[in-house]
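This briefing covers the annotated regions, the disulfide, the helix packing and selected residues of one structure. The sequence and coordinates are shown first, and the points that follow are grouped by topic.

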Amino acid sequence: MADPPGCCHPCATCLLCLYSCQWITAKKEKKKVLHTTKCDCSWFIFLFCVFVFTLVWLYFAIILLNDFHNFNEFIFKQRKLWLDWSLVLLIATAMLIIYLSVLLVLALCLQLCGQPLKLHWLHKTLLILTALVVAAAFTGLEIKWAEEWRSAHISLQATGPFLHIAVVGGMTILAWPLASFIYCTYNTGLKVVLLLMYSALMIALYLAPLGIASPCIMEENQLPPKPALVGHRGAPMLAPENTLMSLHKAVDCDVQVFETDVMVSADGVPFLMHDEELTRTTNVQAVFPERAALNSTAFNWTDLQQLDAGSWFLERKPFPTVQSLSAGDRDQATKQRIPSLEEVLEAIKQSSISIMFDLRPENHSDYQTFVNATLEVILQSGIPLQQVLWLPDGFRKQVRQQAPGIQQVYGRKRLHNEMEPLLHVNLPYQDMSFEEIRQYRQDNISVNLYVVNQPWLFSVLWCSGVTSVTTNACQVLKEMKHPIWLLPSSTYLMIWIVVDCTSFLAILWAFLLMKKCSRRRQPAESETDVLLTKINSLMQQ
């Protein structure tokens, strides 16, 4: 192994041993010059591609955090096992990224030191396994959670300008080992191919901002009002969902609407419950073990009042915020029971917020009876009907006739041949582009999007002009006084030009410096060749 220029022998040996796992061979081959073969180059390219592939998955994993509570609920329904799977996902992805980063840094250091890139078979195996695991993760995402691709597209509106800067910076740093390799190799065809690929990629990156569109690239005076907050089942990060405690916590968060789910008991009492079964949010398995798997509507109100609807919150910790609850809040949580709709409406009258609810299950044979029972409770409660937002599509015409003051909210976009104008729509945040949001806003249609938990997503929707958002994290979004970032177009243009120019100059400097270093090495190498030739001639004589 030749002594590397600009790199001490022990350091080069250590790098080669870590990358190639040649702890003994590296010492034995001091006098033997090792070269990087085409196969070695292919493995380095594969390493770089797997690193980028895994980095993209890490980005997706961070985006998924906004909706991961839904995934946790899905797993519980299937396996009756509660775990915060987002931690498992992030830890596993971070470990893969760290491993690949170390390998990549080792390879780049070896190249700068003029050492061969002999990747060990163990690293090759792990690389292939990593690629397969990440590919399986993307495949599972496509099959089970395809709407998250739209979430990723929305996230680019928040991160696009900054991802552009990061990628340009990373590719600029890559110019140093690339220049070193080009000036060290004698394969002209390979040089041309690498230079053309790198140049094309950099040109594409320099022009990428032409395709970046974000609603937050606007003047300060164009920023729409902050969206109102709708408490998703109350404030589920601070209290057990769909309880009176959760309602009161939501009021403390300044939410304007309490969003919940209503079911009707076997004896006709409307009550708050999201799941068709009671197992996730009550102790029904302990109180009624033989009936635990029954539909929530199969229980009468007397049975439902016996259930504890709060202790599960402290035991399973559905959100990390549970850890920080005060002793008083913990004690209050253990005393929560399933509330009736009548109790909730009375509390809402006192707080002057609105209530928006779904009536479940929609496919029940007695659904019309459920509608009638729910309407009866609303009308008898004395709550101003404008404070009630009606989501269920079933028997909507009947609801309009019996309670015309109730605000009708639709879970769809408006139609071209709409008979009656839509005033309120309630949709998943993935289902509306920011152009549609702005058009609805101009047409005085109230748009509520759900479920929005992360500040970056709230910022994008704020800049888009959405009317309100349904959230689990009302305590977080309440504190936001401004979007995370807001850039005038002129400022963004200046940042774009500065970043591209700085990158171009750094790349130019890297190639010029590496060319100068390679010329310094050439005379020494030529003198060595001449000396070896003379020694060989003398020996032959």
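**Annotated regions**

The UniProt record, an unreviewed entry, places the feature "domain: GP-PDE" at residues 227-481. The model described here is predicted. Across residues 227-481 the chain is 34% helix and 16% strand, with the end C-alpha atoms 11 Å apart.

- The UniProt record (unreviewed entry) also gives the feature "transmembrane region" at residues 41-65, 85-109, 121-141, 161-185, 192-212 and 493-513.
- Residues 161-185 are 92% helix and 0% strand, and the end C-alpha atoms of this span lie 36 Å apart.
- Residues 192-212 are 76% helix and 0% strand, and here the end C-alpha atoms are separated by 31 Å.

**Disulfide and other cysteines**

- One disulfide is counted in the model.
- This disulfide is formed by C216 and C463, whose sulfur atoms are 2.2 Å apart.
- The pair joins distant parts of the chain, 247 residues apart: C216 is in the loop between α9 (188-207) and β1 (228-232), and C463 is in helix α19 (residues 455-464).
- The link of C216 and C463 is right-handed, with 95° about the S-S bond.
- C216 and C463 are both buried.
- C253 has a relative accessibility of 4% and therefore counts as buried, the cut-off being under 20%.
- C109 has a relative accessible area of 29% and is therefore partly exposed, since this class lies between the limits of 20% for buried and 50% for exposed.

- Helix α19 is mostly covered, with nine of its ten residues buried.
- The buried residues of α19 are W456, L457, F458, S459, V460, L461, W462, C463 and S464.
- After α19 comes G465, which has a positive phi, near 100°.
- Helix α18 (residues 434-442) and α19 have axes that come within 9 Å and cross at roughly 45°.
- The contact brings F434, I437 and R438 of α18 to L461, C463 and S464 of α19.

**Packing of α3 and α5**

- Helix α3 (residues 38-64) packs against helix α5 (residues 85-112) at an angle of about 150°, and their axes are 9 Å apart.
- The two helices are therefore roughly antiparallel, as angles over 145 degrees are classed in this way.
- The crossing of α3 past α5 is left-handed.
- On the α3 side, the contact residues are F44, L47, F48, V50, F51, T54, L55, W57, L58, A61, I62 and L64.
- On the α5 side, they are L89, L90, T93, L96, I97, L100, S101, L103, L104, A107 and L108.

**Residue H232**

- H232 is located in strand β1.
- With a relative accessible area of 10%, H232 is buried, because the value is under 20%.
- Leaving aside residues up to four places away in sequence, H232 touches E259, V451, T470, T471 and N472.

How values were computed:
Residues are numbered from 1 along each chain as its sequence is written. This is a predicted model: local features need pLDDT of at least 70, side-chain atom pairs count only at pLDDT 80 or more; totals for chains, interfaces and linings use all residues. Side-chain values use heavy atoms; hydrogens and water are left out. UniProt positions are given in the numbering used here, feature names are shortened, and annotations may be inferred rather than shown by experiment. Helices (H or I, at least four residues) and strands (E, at least two) are DSSP runs, numbered from the N terminus. A disulfide is a pair of cysteine sulfur atoms within 2.5 Å. Buried means under 20% relative accessible area, exposed over 50%, partly exposed in between (1.4 Å probe, protein chains only). Axes are lines fitted to C-alpha atoms, for helices over the stretch in contact, and angles run from 0 to 180 degrees between N-to-C directions. Angles under 35 degrees count as roughly parallel, over 145 as roughly antiparallel, 65 to 115 as roughly perpendicular and the rest as oblique. A crossing is left-handed if the near helix is turned anticlockwise from the far one by less than a right angle, and right-handed if clockwise. Contact means heavy atoms within 4.5 Å.
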